[in-house]
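Dear colleague,

I am handing over the structure below. My notes on what was found in it follow.

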Amino acid sequence: MEGVDRDILATGRTLCFECSYPVRGRLRTYLVGKFPLRHADGSIYAVGGVATDITDLRRMEAERAGVE
């Protein structure tokens with residue numbers, strides 16, 4: 001994730017992607033949006049982000065497609 005943050009700081013662009021991490025011994029899938037936070041003058045001072053757990057959605061899609 002550090003590489004993603006560096007890219008956002010360098011380019012000023014927003015990125016959206018999926019990633020998976022183990023949580024309490026189970027693999028969870030997240031939809032992540034990361035974006036630059038800017039001062040009033042437009043300079044970037046940090047990276048913000050929002051992550052939504054989409055594990056159940058991906059599981060239901062796989063079940064509908066006949067994939068386990």
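Which side chain meets that of R59 in a salt bridge? The side chain of E63 does, with an N to O distance of 3.1 Å. A salt bridge here is a side-chain nitrogen of Lys or Arg within 4 Å of a carboxyl oxygen of Asp or Glu.

Before the rest, the conventions. This is a predicted model, in which local features need pLDDT of at least 70 and side-chain atom pairs count only at pLDDT 80 or more, while totals for chains, interfaces and linings use all residues. Residues are numbered from 1 along each chain as its sequence is written, and side-chain values use heavy atoms, with hydrogens and water left out.

Sheet

The strands form an open sheet of three, in the order β1-β2-β3, with antiparallel pairing. The edge strands, each pairing on one side only, are β1 (15-23) and β3 (44-53). From one strand to the next the twist averages 35°. Helices (H or I, at least four residues) and strands (E, at least two) are DSSP runs, numbered from the N terminus. Two strands pair if DSSP finds at least two bridges between them. Axes are lines fitted to C-alpha atoms, for helices over the stretch in contact, and angles run from 0 to 180 degrees between N-to-C directions.

Strand β2 covers residues 26-38 and is joined to β3 by nine bridges, the two running antiparallel. Along this pair, F35 has G48 as its bridge partner in β3, and L31 stands opposite T52. β2 and β3 make a hairpin with five residues between them, and G42 in the turn has a positive phi of about 95°.

Helices

Helix α1 (residues 2-11) packs on the sheet and touches β1, β2 and β3; the direction of α1 makes about 130° with that of β3. Helix α2 (residues 55-64) lies across β1, β2 and β3 and runs at about 125° to β2. Contact means heavy atoms within 4.5 Å.

The loop between α1 and β1 contains G12. Apart from neighbours within four places in sequence, G12 is in contact with D7, P36, R38 and I44. The C-alpha atoms of G12 and G25 are separated by 35 Å, with the two residues 13 apart along the chain.

T29

T29 is found in strand β2. T29 counts as buried, at 15% relative accessibility. The classes are buried under 20% relative accessible area, exposed over 50% and partly exposed in between (1.4 Å probe, protein chains only). Not counting residues up to four places away in sequence, T29 touches E18, C19, S20, T52, D53, I54, T55 and R58. Two of these residues, E18 and R58, come up again below.

Salt bridges

The structure holds six salt bridges. One of them joins E18 and R58, with the closest N and O atoms 2.2 Å apart. This pair links distant parts of the chain, E18 being in strand β1 and R58 in helix α2, 40 residues apart. Both are partly exposed: E18 at 41% relative accessibility and R58 at 30%.

R58 also meets E61 in a salt bridge, at 2.6 Å from N to O. E61 and R58 both lie in helix α2, three residues apart, or about one turn of the helix. E61 is partly exposed, with a relative accessible area of 34%.

E63 counts as partly exposed at 43% relative accessibility, as does R59, with a relative accessible area of 42%.

Cysteines

How many disulfides are there? The count comes to zero, taking a disulfide as a pair of cysteine sulfur atoms within 2.5 Å. C16 is in no disulfide, the nearest cysteine sulfur being that of C19, 12 Å away. C19 is likewise in no disulfide, and the nearest cysteine sulfur to it is that of C16, 12 Å away. C16 is exposed, with a relative accessible area of 63%, whereas C19 counts as buried at 13% relative accessibility.

Regards
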